[in-house]
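Here is a short report on aromatic rings and their partners. Look at the model first, then read on.

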Amino acid sequence: MEMALSRGLRCCQRIFSWIPVLIITAVVLWSYYAYVFVLCLFTVNNSLEKALYLLLFHVSFGMFSWTYWKSIFTPPATPCKKFQLSYSDKQRYELEERPEAQKQILVEIARKLPISTRAQSGAIRFCDRCQVLKPDRCHHCSVCETCVLKMDHHCPWVNNCVGFSNYKFFLLFLAYSMLYCVLIAATVLQYFLRFWVGDLPTGPAKFHILFLMFVALMFFVSLMFLFSYHCWLVAKNRSTLEAFSAPVFPGGPDKNGFNLGLHRNLLQVFGENRKLWFIPVFTSQGNGHYFPLRSQSSESPLLANEDMWDESDDGSEGSFVTKLKGLK
């Protein structure tokens with residue numbers, strides 16, 4: 001009975017979690033109708049102006065939709081098998097009742113892995129629910145019920161965890177959302193003023209044009225603050241979680257532990273090919289399991305033992321050796 005109730009509650013939670021996405025989708029679809037049909041086809045009389053507005057709008061709408069789709073449906077990247085406890089290590093860990101001895105077991109296992117961060121207590125970070133040693137910058141998401149590589153936050157507006165696999169898509173989504181709002185506000189302004197002063201006849205179009213202007217400005221202001229904050233995070237190479245709680249290293253907390261300088265920070269998120277920076281295809285450096293430290297920025301970020309990243313036993317993560325070489 002309890003299991004059925006719990007399953008039912010989880011099902012309801014999953015359904016309700018899509019409500020913010022549906023709200024955004026409904027607003028965007030209405031804006032499409034209001035702009036394309038009400039403004040361009042029925043209100044704008046100049047054919048050249050109409051064609052220009054439609055071209056710019058559909059390019060902006062296409063990029064916005066593409067980045068929003070990628071932000072929503074790109075699965076969060078999770079730790080690979082290398083970070084899971086082996087059967088023998090798991091037995092040893094669970095049978096040990098002394099907390100200090102358990103910590104020591106995790107320390108011994110972590111020596112084989114590129115783990116630099118620690119829990120606030122100084123212990124190796126371990127997720128009891130996922131049964132994995134947490135890679136640097138990895139956190140457990142209680143909504144997604146999994147550990148997420150380089151987790152930034154769980155965003156209800158995309159109903160997904162924003163992390164290593166889709167952080168670039170999320171940034172582009174914010175940028176193209178702002179562009180979408182600016183384009184609408186800039187092109188609607190003259191008709192908004194004409195409706196406002198009564199130069200155009202009152203009718204259903206007036207409501208759509210006035211509301212379109214208000215909605216575009218309202219969303220632009222809120223997006224501007226959020227986008228500016230994430231630009232600052234990228235420049236400092238921090239996640240939202242790290243901005244609130246500095247990552248802890250063996251030497252203590254260091255909010256700038258992953259800060260490699262503006263240029264290398266940008267490359268880490270957007271990749272080296274600048275032609276792909278503004279297109280929602282994955283170009284971020286690395287594999288999400290290892291990040292170069294500021295203290296090692298003058299050294300090669302590759303691990304000494306590359307063989308440990310040969311993912312012949314788990315093709316889902318791809319070749320870690322190749323991806324790590326992209327950090328150079």
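Phe270 and Trp277 are both buried. In this predicted model, the two also form an aromatic pair.

A search of the whole structure finds 24 aromatic pairs. Another of them joins Trp30 and Phe211. Here the planes stand at 65°, so the pair is edge-to-face. The table sets out both pairs.

| Pair | Centre to centre | Angle between planes | Class |
|---|---|---|---|
| Trp30 and Phe211 | 5.3 Å | 65° | edge-to-face |

What does the pair of Trp30 and Phe211 tie together? Trp30 belongs to helix H2 (residues 19–41), and Phe211 belongs to helix H7 (residues 204–236). The pair therefore ties together parts that are 181 residues apart in sequence. Phe211 has 40% relative accessibility, so it counts as partly exposed.

Ring pairs also build a cluster. Its members are Tyr32, Tyr35, Phe57, Phe61, Phe64, Tyr68, Phe170, Phe173 and Tyr180.

The charged end of Arg137 sits over the ring of Phe258, 4.4 Å from the ring centre. Arg137 also lies over the face of Phe291, at 5.0 Å from that ring's centre.

Now for the annotated spans. The unreviewed UniProt entry marks residues 21–45, 51–69, 169–193 and 205–229 as "transmembrane region". Residues 169–193 are 100% helix, with end C-alpha atoms 35 Å apart. Residues 205–229 are 100% helix, and their end C-alpha atoms lie 36 Å apart.

Note on methods:
Residues numbered from 1 in each chain as written. Predicted model: local features only at pLDDT ≥ 70, side-chain atom pairs only at ≥ 80, totals over all residues. Heavy atoms only, no water. UniProt positions renumbered as here; feature names shortened; annotations may be inferred. Helix = DSSP H or I, 4+ residues; strand = E, 2+ residues; numbered from the N terminus. Phe/Tyr/Trp six-rings, centres within 6.5 Å; stacked < 30°, edge-to-face > 60°. Buried < 20%, exposed > 50% of the residue type's maximum accessible area, 1.4 Å probe, protein only. Lys NZ or Arg CZ within 6 Å of the ring centre and 35° of its normal.
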